[in-house]
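Hello,

Here is the structure we spoke about. My notes follow below it.

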Amino acid sequence: MFYGYIHWIILFSLYFYINIVRTITCLCLYPFLKNNIYHYDYIDFFIISLSGLRGEISLALALFVNLETQIAENIRNLTMFYTCGIVF
């Protein structure tokens, strides 16, 4: 199924917004993590901010939405499109 350019723009906007929020959260928690027993440094901060658990649970929930027949098909397809785009 082909999605219009507006859906691709929304997908990329969501992807960048999620990464920005994750980076801000890591910046706020960095002093606590640095002084903890793990002693995080800047390399660990970089890895933590780029990685994340954004895929497993959201993909499972999107699959449940996709299997639900009471939801309109276009909503189910867009849910899978956005979720798979962000997880990838």
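Helices, contacts and a surface patch

Ile48 sits in helix H2 (residues 42-50); helices here are DSSP runs of H or I with at least four residues, numbered from the N terminus. The model is a predicted one, in which local features need pLDDT of at least 70 and side-chain atom pairs count only at pLDDT 80 or more, while totals for chains, interfaces and linings use all residues. Residues are numbered from 1 along each chain as its sequence is written, and side-chain values use heavy atoms, leaving out hydrogens and water.

Ile48 has a relative accessibility of 29%, so it counts as partly exposed (buried is under 20% relative accessible area, exposed is over 50%, and partly exposed lies in between, with a 1.4 Å probe and protein chains only). From Ile48 to Arg22 the C-alpha distance is 8.7 Å, although 26 residues separate them in sequence.

A second pair involves Thr25, which is in helix H1. Thr25 is partly exposed because its relative accessibility is 38%.

Helix H1 covers residues 5-34 and includes Ile10. With a relative accessible area of 34%, Ile10 is partly exposed. Ile10 also belongs to a nonpolar surface patch of about 480 Å², together with Tyr5, Ile6, Ile9 and Leu14. Patch residues have over 30% relative accessible area and no salt bridge; nonpolar side chains (Val, Leu, Ile, Met, Phe, Trp, Tyr) are joined within 5 Å, and like charges within 9 Å. A salt bridge is a side-chain nitrogen of Lys or Arg within 4 Å of a carboxyl oxygen of Asp or Glu. Areas come from the Shrake-Rupley method with a 1.4 Å probe, and for residues only the protein chains shown count as cover.

On helix packing, H1 and H4 have axes that come within 9 Å and cross at roughly 45 degrees. H1 is therefore oblique to H4 (under 35 degrees is roughly parallel, over 145 roughly antiparallel, 65 to 115 roughly perpendicular, and the rest oblique). Axes are lines fitted to C-alpha atoms, for helices over the stretch in contact, and angles between N-to-C directions run from 0 to 180 degrees.

Helix H3 (residues 56-67) packs with helix H4 (residues 73-87) at about 165 degrees, the axes being 9 Å apart. The two are therefore roughly antiparallel. Asn66, in H3, lies 7.7 Å from Thr79, C-alpha to C-alpha, at a sequence separation of 13 residues.

Regards
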